[in-house]
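Please look over the sequence and the structure below before reading on. This briefing then goes through the arrangement of the chain, topic by topic.

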Amino acid sequence: MLGRMSPGCEGTHGVFPKCNFACKPCYHSEDANHVRVDGMHTVTQIARQMHMLQKQRGPVAHCQLIGGEVTLLPAADHARALEVMRFYGRIPMSFTHGDFSYEYLVALAVTPEGKPRFRRLDFAVHFDMYMYGRSEIPRPESEAQLHEYRKRFVDMFRRLRREHGVRFYLAHNMTVQQGNFGQIADVVSEIQHYGFRLLSFQPAALQGVERRRVQGLGNDGDALWREIEHGAGARLPHRLFQMGDTRCNRVSFCAVVGAGASARVVPLFDDRSAGDARFRDAMMSQFGSIALPPALLWLKGARLLLRRPWMVVLVALWAARFLSRCGNLLDLLLWRVRLLTFVMHRFMDADDVRAAWSLMENGYDETSKKVVDAGLLETVERLRACSYGMAQVDQGRVVPACVQHSVYDPDENKALARELRIGEKARSSAFWKLEKRRG
Ligand code: SF4
């Protein structure tokens with residue numbers, strides 16, 4: 001699907017490396033917390049990175065506003081960062097640990113005059129029991145203890161929609177390691193009803209700060225996917241829409257159908273159905289990329305049906321198959337359906353990535369005669385099919401996020417720690433004052 005359904009995912013780097021949690025594992029490099037949060041740096045670097053992503057990867061893409069903790073940025077700087085990303089055609093998603101107040105959210109979403117800045121805010125929140133520092137529960141002992149905070153997070157956005165009319169799209173992320181592996185099914189079964197639109201799981205990799213590393217899960221992702229399926233109470237087909245390498249990514253598009261105790265997860269597509277495969281192929285050849293803002297997606301769909309009316313038949317056949325999977329027409333008629341996507345993303349260990357990247361930088365590709373061991377070959381293949389890119393502006397190219405974190409982050413953050421010293425005054429307020437004067 002990479003390059004057909006979407007150009008893949010993008011993310012920022014080095015724009016606000018600092019975080020106020022002490023997670024284990026932590027993917028940030030040693031110096032990340034020595035870099036001052038500085039709105040002017042954030043916004044100008046984002047502009048550089050987005051400009052390059054737009055030039056190299058196309059006019060529209062989903063892009064993660066990611067680095068350290070995004071809500072350490074003053075709300076005005078955070079809002080400006082989102083505006084700049086949108087200016088460059090990106091659909092931004094802010095990555096947070098979720099430990100911030102409703103007042104911050106309002107200041108981000110609404111202007112001082114009380115007008116909504118955005119029609120919709122996209123957030124990815126990371127919740128797992130090995131994140132230390134949450135103000136009300138600094139060291140949780142189980143995943144279940146975090147449910148209340150997961151729920152409160154969604155409720156905060158519901159309140160924002162009620163009071164200010166700003167809609168939301170929320171993704172829930174967790175890092176999985178041996179200690180919480182056995183709790184994954186319970187987490188999925190509980191939080192699938194909370195109102196998140198995407199549940200994403202990342203098996204821990206050996207990345208970032210050495211002293212905070214933990215052992216990885218040591219499997220190919222099958223065992224974790226089975227746990228997720230167990231919690232969802234359904235088989236989660238992932239082979240019809242493969243983004244990049246199967247060893248990196250799995251995605252299953254589903255719906256939660258029904259309400260209360262009868263609510264259940266129903267896959268939108270089944271990878272064992274020849275009809276669904278044909279429908280996917282038709283959609284890919286006729287519809288193409290879905291990396292568009294929601295309003296444009298609807299418009300594009302309507303235009304397709306007008307130009308190719310026969311697609312209605314394929315849509316109707318797919319709807320009939322989905323209906324038979326649901327098993328209850330009443331829930332659909334009462335519109336008790338909510339989309340929910342399941343994702344697994346397996347980052348790679350830093351040592352493996354460094355070795356593979358050095359090989360690739362020295363000209364290794366599939367035509368090379370050089371014999372490399374199976375592990376190294378796997379890493380090279382996965383990097384070459386990477387679906388998550390970050391802009392290396394000075395090099396004029398986009399690199400896999402694994403490479404950014406394993407190879408470039410440590411030196412980048414060292415340089416940033418010198419340039420943006422903690423304790424020196426942040427440049428954001430002066431920057432915005434100047435901007436205001438210029439109108
Ligand atoms: S190479 Fe790394 S960043 Fe790219 S898709 Fe695979 S795991 Fe993700």
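The points that follow concern a predicted model, and they take up its domains, its nonpolar cores and the surroundings of its ligand.

**Domains**
- The domain assignment of the chain gives two entries, with domain 1 covering 9-347 + 389-434 and domain 2 covering 351-385.
- Between the C-alpha centres of domain 1 and domain 2 there is a distance of 28 Å, and the contact between these domains draws 10 residues from domain 1 and nine residues from domain 2.
- On the side of domain 1 that touches domain 2, the largest share, which is four residues, comes from α14, and the residues of that side divide into six nonpolar, two polar and two charged.

**Nonpolar cores**
- The largest nonpolar core contains 82 residues, and L65, M85 and I228 are those with the most contacts inside it.
- Because domain 1 (9-347 + 389-434) and domain 2 (351-385) both give residues to this core, it lies between them.
- If residues up to four places away in sequence are not counted, L65 touches T12, V70, A81, L82, M85, P92, M93, S94 and F95.
- Another core lies apart from the largest one and has six residues, among them C19, A32, V35 and A417.

**Around the ligand**
- There are 15 residues around the ligand, of which C248, C386, Y388, A401 and C402 come nearest.
- The elements that give two or more residues to this shell are α13 (374-384) and α14 (401-419).
- By residue type, the shell around the ligand divides into nine nonpolar, four polar and two charged residues.

Key: Residues are numbered from 1 along each chain as its sequence is written. This is a predicted model: local features need pLDDT of at least 70, side-chain atom pairs count only at pLDDT 80 or more; totals for chains, interfaces and linings use all residues. A residue is near a molecule or strand if its C-beta atom, placed from the backbone, lies within 6 Å of it. Ala, Val, Leu, Ile, Met, Phe, Trp, Tyr, Cys and Pro count as nonpolar, Asp, Glu, Lys and Arg as charged, and the others, Gly among them, as polar. Domain bounds come from an automatic or database domain assignment. Two residues are in contact if their C-beta atoms, placed from the backbone, lie within 7 Å. A nonpolar core is a set of buried Ala, Val, Leu, Ile, Met, Phe, Trp, Tyr and Cys residues joined through C-beta atoms within 7 Å. A residue is buried if 20 or more other C-beta atoms lie within 10 Å of its own, exposed if 12 or fewer, and partly exposed in between; C-beta atoms are placed from the backbone.
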